[in-house]
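Hi there,

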Amino acid sequence: QVQVVESGGGLVEPGGSLNLSCSASGRDFVLLAMGWFRRAPGKEREIAAAISRSGRSNVYLADSVKGRFTISRDNTKSTMYLTMNDLKTEDTGVYYCAARRDWSASGSTVYTHPGDFTSWGQGTQVTVSS
C-alpha cells in the first residue's frame with residue numbers, strides 16, 4: 001500500500017501564504033488520485049482540494065478555498081502540492097494528504113469523500129494567527 005507524507009505546515013499571519021507538499025512512496029504515483037483534507041479544531045474532517053490521476057484541469061476545490069488555494073501534482077517527483085494564498089484564521093487546522101489507486105480508463109475521476117481514499121498521511125499543522 002502506498003505511503004504518503006505531508007510537509008510544509010507552519011504558523012502564518014492572516015493574508016499570508018504556505019505551500020504544502022505530499023510525497024508518495026513506490027513507483028505507481030501516476031496511478032494515484034489524491035486529495036487534501038483538513039480538520040479544524042472541534043470540527044469534522046472536510047475536503048479542501050482533490051486532483052485526478054491525470055491532473056491537468058481535473059481538480060476539485062471546496063467553495064471555502066476557491067480563488068485562494070491551488071492543487072497540483074508533479075509525477076516526476078511523486079509529489080502533490082497545495083499552494084495556499086490569502087490565508088484566513090478559519091484555515092487553521094491539521095491538513096492531511098490522501099491517496100488511492102484509480103483504475104479508470106480516462107484517469108479523470110476526482111474523488112472527494114474520505115471513504116474513497118485508502119492511504120493517509122499523519123497530517124501537518126497549519127496555524128493562521130496574528
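Cys22 and Cys97 are both buried, where buried stands for under 20% relative accessible area, exposed for over 50%, and partly exposed for the range in between (1.4 Å probe, protein chains only). A disulfide joins these two cysteines, with 1.9 Å from S to S; the criterion is a pair of cysteine sulfur atoms within 2.5 Å. By that rule the count is 1 disulfide. The link between Cys22 and Cys97 is left-handed, at -65° about the S-S bond. It ties together distant parts of the chain, as Cys22 sits in strand β3 and Cys97 in strand β9, 75 residues apart.

Before going further, a word on the basis of all this. The model is predicted, so local features need pLDDT of at least 70 and side-chain atom pairs count only at pLDDT 80 or more, while totals for chains, interfaces and linings use all residues. Residues are numbered from 1 along each chain as its sequence is written, and side-chain values use heavy atoms, with hydrogens and water left out.

Now to the strands. Strands (E, at least two residues) and helices (H or I, at least four) are DSSP runs numbered from the N terminus, and two strands pair if DSSP finds at least two bridges between them. An open sheet is formed by 4 strands in the order β1-β3-β8-β7, with antiparallel pairing. Its edge strands, β1 (4–7) and β7 (69–74), each pair on one side only. From one strand to the next the twist averages 15°, taken between N-to-C directions on a scale from 0 to 180 degrees, with axes as lines fitted to C-alpha atoms. Within this sheet, β3 (residues 18–24) and β8 (residues 79–84) run antiparallel and are joined by 6 bridges. If you want a spot to look at there, Ser21 stands opposite Tyr81 in β8.

Strand β11 (residues 124–128) has two kinds of neighbour. Strand β2 (residues 10–12) runs parallel to β11, joined by 3 bridges, and Gly10 stands opposite Val126. Strand β9 (residues 93–101) pairs with β11 in the antiparallel sense, also over 3 bridges, and here Val94 stands opposite Gln125. In a regular strand the side chains alternate between the two faces of the sheet. In β11, Thr124, Val126 and Val128 make up the covered face, and Gln125 and Thr127 the uncovered one.

What about the interior? A nonpolar core here is a set of buried Ala, Val, Leu, Ile, Met, Phe, Trp, Tyr and Cys residues joined through side-chain atoms within 4.5 Å. The largest one has 27 residues, of which Met34, Trp36, Leu82 and Met84 touch the most other members. At least two residues of this core come from each of β3, β4 (32–39), β5 (45–51), β7, β8, β9 and β11, and β3 gives the largest share, 4 residues. There is also a second, separate core of 7 residues, among them Phe37, Ile47, Ala50 and Ala98.

Ser78, in the loop between β7 and β8, has a positive phi near 50° without being a glycine. Its relative accessibility is 17%, so Ser78 counts as buried. Asp86, in the loop between β8 and β9, is not a glycine either and has a positive phi of about 50°. With a relative accessible area of 38%, Asp86 is partly exposed.

Best wishes
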